[in-house]
Amino acid sequence: MIRIGFEPLSLQELYRDTTSSASGALVVFDGRVRDHSAGKSVLYLEYEAHESMAVREMNAIRQEAMHRWPLDKAVIFHRLGRIEIGESSVLIGIAATHRSDAFSACRYIIDELKKRVPIWKKEFFTDGEMWAEHQT
C-alpha cells in the first residue's frame, strides 16, 4: 500500500490497488509537477529521500489515517528522481464507505506527508535551482 521509487507513477495501478467493493467513495490526489514556482518558470523537479525512513513514516501516516477514519483502503505512491512538468510526483488513493471520510483522510495524508516524511524537492529554473521548503 506504500510505494516509493524512480519509476513513473500509474493512476491505473493506484485505482487497481485502491478498489474495494465495500467502498462508496474513492478519492484520489494526484500531485503533479507544475511549470512555475515562486514567480519563476520551472524546468523540472528532482526528489531525493532517505528511503527506509520515508517508507516507515509513510506507513505510520497511513496507519494513523486508517485508525482515525473508517477506511477500506489507503494507498500512497511517491516518485523519486527527475520528474518532468505534468508528471505525477505523488499519488494517494483512499477507499471508504462515505465520501467525507475519504476526503478527510486524503487531506490528512498529503498534509502529514509534506510535514513529516524525509523526501526533499529540488526545483530547477531557467536561471538556477533551489531546494523547496516544506509547504502545506
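## Tryptophan 120 and its surroundings

In this predicted model, tryptophan 120 touches Glu46, Tyr47, Glu48, Ala49, His50 and Trp131, when residues up to four places away in sequence are not counted. Tryptophan 120 has its place in strand β8. With a relative accessible area of 39%, tryptophan 120 is partly exposed, because a residue counts as buried under 20% and as exposed over 50%.

Isoleucine 110 stands ten residues from tryptophan 120 along the chain, and the C-alpha atoms of the two are separated by 14 Å.

The structure holds two aromatic pairs. In the pair formed by tyrosine 44 and phenylalanine 124, the ring centres are 4.4 Å apart and the planes meet at 15°, so the pair is stacked. Planes under 30 degrees apart count as stacked.

Tyrosine 44 belongs to strand β4 (residues 40–49) and phenylalanine 124 to strand β8 (residues 119–125), so the pair ties together parts that are 80 residues apart in sequence. Tyrosine 44 is buried, at a relative accessible area of 14%. Phenylalanine 124 is buried as well, with a value of 12%.

## The chain as a whole

The chain has three helices and nine strands. Read from the N terminus on, its elements follow the order β-α-β-β-β-α-β-β-β-α-β-β.

For a chain of 136 residues, a compact globule would have a radius of gyration near 14 Å; the value here is 15 Å, which agrees. The C-alpha trace spans about 50 × 25 × 25 Å along its principal axes. Of the 136 residues in the chain, 45% are buried. Among contacts between residues at least 6 apart in sequence, 74% join residues at least 24 apart.

## Surface and charge

The accessible surface of the chain comes to about 7,500 Å², and carbon and sulfur atoms account for 49% of this area. The chain carries 18 positive and 20 negative charges, whose mean positions are 4 Å apart.

## Alanine 96 in strand β7

Strand β7 covers residues 88–96 and includes alanine 96. The relative accessible area of alanine 96 is 0%, so this residue is buried. Apart from neighbours within four places in sequence, alanine 96 is in contact with Ser23, Gly24, Ala25, Pro70, Leu71, Asp72, Asp101 and Ala102.

Lysine 73 and alanine 96 are 23 residues apart in sequence, while their C-alpha atoms are 7.0 Å apart in space.

Serine 10 is placed in the loop between β1 (2–5) and α1 (11–18). Beyond neighbours within four places in sequence, serine 10 is in contact with Phe77 and Leu91. Serine 88 is 78 residues away from serine 10 along the chain, and their C-alpha atoms are separated by 8.4 Å.

Aspartate 30 lies in strand β2 (residues 25–32). Its relative accessibility of 22% makes aspartate 30 partly exposed. Leaving out residues up to four places away in sequence, aspartate 30 touches Leu11, Ser88, Val90 and Leu91. Between aspartate 30 and leucine 11, which are 19 residues apart in sequence, the C-alpha distance is 8.3 Å.

Glutamate 112 is found in helix α3 (residues 99–116). The relative accessibility of glutamate 112 is 13%, so this residue counts as buried. With neighbours within four places in sequence set aside, glutamate 112 is in contact with Ile61 and Val117.

Alanine 38 lies in the loop between β3 (36–37) and β4. Alanine 38 is exposed, with a relative accessible area of 67%. The phi angle of alanine 38 is near 55°, a positive value in a residue other than glycine.

Terms used. Residues are numbered from 1 along each chain as its sequence is written. This is a predicted model: local features need pLDDT of at least 70, side-chain atom pairs count only at pLDDT 80 or more; totals for chains, interfaces and linings use all residues. Side-chain values use heavy atoms; hydrogens and water are left out. Helices (H or I, at least four residues) and strands (E, at least two) are DSSP runs, numbered from the N terminus. Buried means under 20% relative accessible area, exposed over 50%, partly exposed in between (1.4 Å probe, protein chains only). Contact means heavy atoms within 4.5 Å. The radius of gyration is taken over C-alpha atoms; the globule rule is 2.2 Å times the number of residues to the power 0.38. Accessible areas come from the Shrake-Rupley method with a 1.4 Å probe; for residues, only the protein chains shown count as cover. Lys and Arg count as positive and Asp and Glu as negative; His and the chain ends are not counted. The place of a charge is taken as NZ of Lys, CZ of Arg, CG of Asp or CD of Glu. Rings of Phe, Tyr and Trp (its six-membered ring) pair if their centres lie within 6.5 Å; planes under 30 degrees apart count as stacked, over 60 as edge-to-face and the rest as tilted.
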